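Visitor: I would like to learn how to read a structure such as this one. Could we go through a few of its features together?

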Amino acid sequence: MSASEIGVVSCSGECCVEGTISRIATRLVLEKLRPNNTVTICLPLFSIGEKGERMFAKNFPTVAVDGCEKKCAKNAIEKYSGKTARSLIVFDLLKKWKIENPSPRRELNEEGVEAALKVAEEVVAAIDDIFTR
Amino acid sequence: MGDKDAVRSVRSHRCIAVDGCPNECSRKNLELLDAKLVANFRVVDILRENRALKPSAVTFLDEDGRKLARILAEKITSKIDELNHKGVVS
């Protein structure tokens, strides 16, 4: 797959800390780790049917970064635009890394930010893998 | 994305939409779901009303960003108190 840009779609849920971590991780990717070839797709805007967001997700690879097993980001992209190139679930990653109760959800503490950075590195690995294919 | 619990929740409780930008996706999503929308706020309006505050960081809020968040939180709280005082039925 040849791609110049990749869309990163983050969870927008507020019910668990994994949602907060997914958003911070996505921002870290966009601002610091891969600023030149990533864009974000606003999930609420996407879900109300904004054509630009849906067209982008149709034409460019997307990485869904979901907080929980409901996988709203992945499901929304696949329902309206097409298959996601990669899908990550923060809850599963934290479980795999044995990180429990990483942070309050309103504002990440040091441990939460560290977890977000680890998730961001996973997103970057997914992005790099897409670019090398 | 059509999650049954979420849909049931916004239809059975009074909702306040808080939108960051003029696209007002929260409000529009709630309207699409036929939710009980009782008020809506836009961060762009709070910014306009508080021009001296200039938040610059996105990922982690800076001091001005925190001040604006508090101002908005107080507005939302006042609205909740007003709605409860009026006895708007849930």
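Guide: Let us begin with contacts: two residues are in contact if their C-beta atoms, placed from the backbone, lie within 7 Å. Among contacts in chain A between residues at least 6 apart in sequence, 67% join residues at least 24 apart. Please keep in mind that this is a predicted model, in which local features need pLDDT of at least 70 and side-chain atom pairs count only at pLDDT 80 or more, whereas totals for chains, interfaces and linings use all residues. Residues are numbered from 1 along each chain as its sequence is written, while chains are lettered from A and ligands numbered from 1 in the order in which they are written.

Visitor: In what order do the elements of chain A run from the N terminus on?

Guide: Helices (H or I, at least four residues) and strands (E, at least two) are DSSP runs, numbered from the N terminus. For chain A the order is β-α-β-α-α-β-α-β-α-α, which comes to six helices and four strands.

Visitor: How many residues of chain A are in contact with chain B?

Guide: On the side of chain A there are 14, and they are in contact with 10 residues of chain B. The elements that give two or more residues to this side of chain A are α1 (17-33), α2 (43-47) and α4 (72-80).

Visitor: With which residues is A:Ala116 in contact, leaving aside its neighbours within four places in sequence?

Guide: Those partners are A:Ile21, A:Ile24, A:Ala25, A:Leu28 and A:Leu108.

Visitor: What box do the C-alpha atoms of chain A fill?

Guide: Taken along the principal axes, the box is roughly 35 × 30 × 25 Å.
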